[in-house]
Amino acid sequence: LSVFVLLPTLLAGWYFFQIATPMYSTKSAFMVQQADGNSGTGLGSLLPTQLSANGDAIAVQDYLTSKDALIRLDKDVGFKSHFSDPKIDPIQRLESNPSNEKAYKLYKKYVKIGYDPTEGSIRMEVIAADPEVAADFSRALVAYAEKRADDLTQRKREDHVRDALKSLDEAKVERRAAQTALVELQE
């Protein structure tokens, strides 16, 4: 009993009270909304706004949980250098000059992102050894999410404009053909 219960409890208590680095959490929540008011036609117009923006929110969530977001966060704010700091205890610390794969494993542990379809919001929790660093990481990730959502919206607008111009050209050709047919009929 003492070997399987008492000893592990004492070791865990000693680690958490003497060695473990305190970690701080920053929680954020944001919504991905479509900039253009989709009056839409077809099935998309029947869905509530939150459900129609679902694709963009999931795309933003996928980006934030990707290795690309980690690499960008490391370049901009120094994710790897923060978690490689010798002040952090050995169990939670990254080795010096870690690979992206090891850093990504730690990133998935300390950056938790989820999408709530009922509210249409993305919830994010960022954990770091310093509260200011956790807040910096969180601000940077929210900025990346905004940029990603803006890029998605811009692409959709460009697609809509391209489709509208194509429809306009087709309508002009059809109008010209109809005018020609009318002239031939009148002659």
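Residues are numbered from 1 along each chain as its sequence is written. Because the model is predicted, local features need pLDDT of at least 70 and side-chain atom pairs count only at pLDDT 80 or more, whereas totals for chains, interfaces and linings use all residues; side-chain values use heavy atoms, with hydrogens and water left out.

The chain contains seven helices and three strands, taken as DSSP runs numbered from the N terminus (helices H or I, at least four residues; strands E, at least two). Along the sequence these elements follow the pattern α-β-α-α-α-α-α-β-β-α. Of the 187 residues, 31% count as buried, where buried denotes under 20% relative accessible area, exposed over 50% and partly exposed in between (1.4 Å probe, protein chains only). The accessible surface comes to about 12,600 Å², with 57% belonging to carbon and sulfur atoms; areas were computed by the Shrake-Rupley method with a 1.4 Å probe, and for residues only the protein chains shown count as cover. Among contacts (heavy atoms within 4.5 Å) with a separation of 6 or more, 68% involve residues 24 or more positions apart.

Helix 6 spans residues 100-110, and its residues A103, Y104, L106, Y107 and Y110 are buried. Viewed down the helix axis, the buried residues fall within an arc of 165 degrees and therefore line one face of helix 6, the arc being that of the directions from the helix axis to the C-beta atoms. The exposed residues K105 and K108 lie on the face turned away from the buried side. Cover for the buried residues of helix 6 includes helix 3 (54-64), helix 4 (67-77), helix 5 (79-83), strand 2 (111-116), strand 3 (121-128) and helix 7 (131-186).

Strand 2 and strand 3 run antiparallel and are joined by six bridges; pairing requires that DSSP find at least two bridges between two strands. G114 stands opposite R123 in strand 3. Four residues lie between the strands of this hairpin, in which G120 takes a positive phi near 75 degrees.

The second largest pocket holds about 150 Å³ of space. A pocket is an open set of points on a 1 Å grid over the protein atoms alone, where a 1.4 Å probe fits, with protein on both sides within 12 Å along at least five of seven lines; lining residues have an atom within 4 Å of a point. Grid points are joined across faces, edges and corners, and the volume is the space filled by probe spheres set on them. The lining comprises F30, M31, V32, Q33, V142, A145, E146, A149, D150 and T153. Strand 1 (24-31) and helix 7 are the elements giving two or more residues to this lining, and helix 7 supplies the largest share, six residues.
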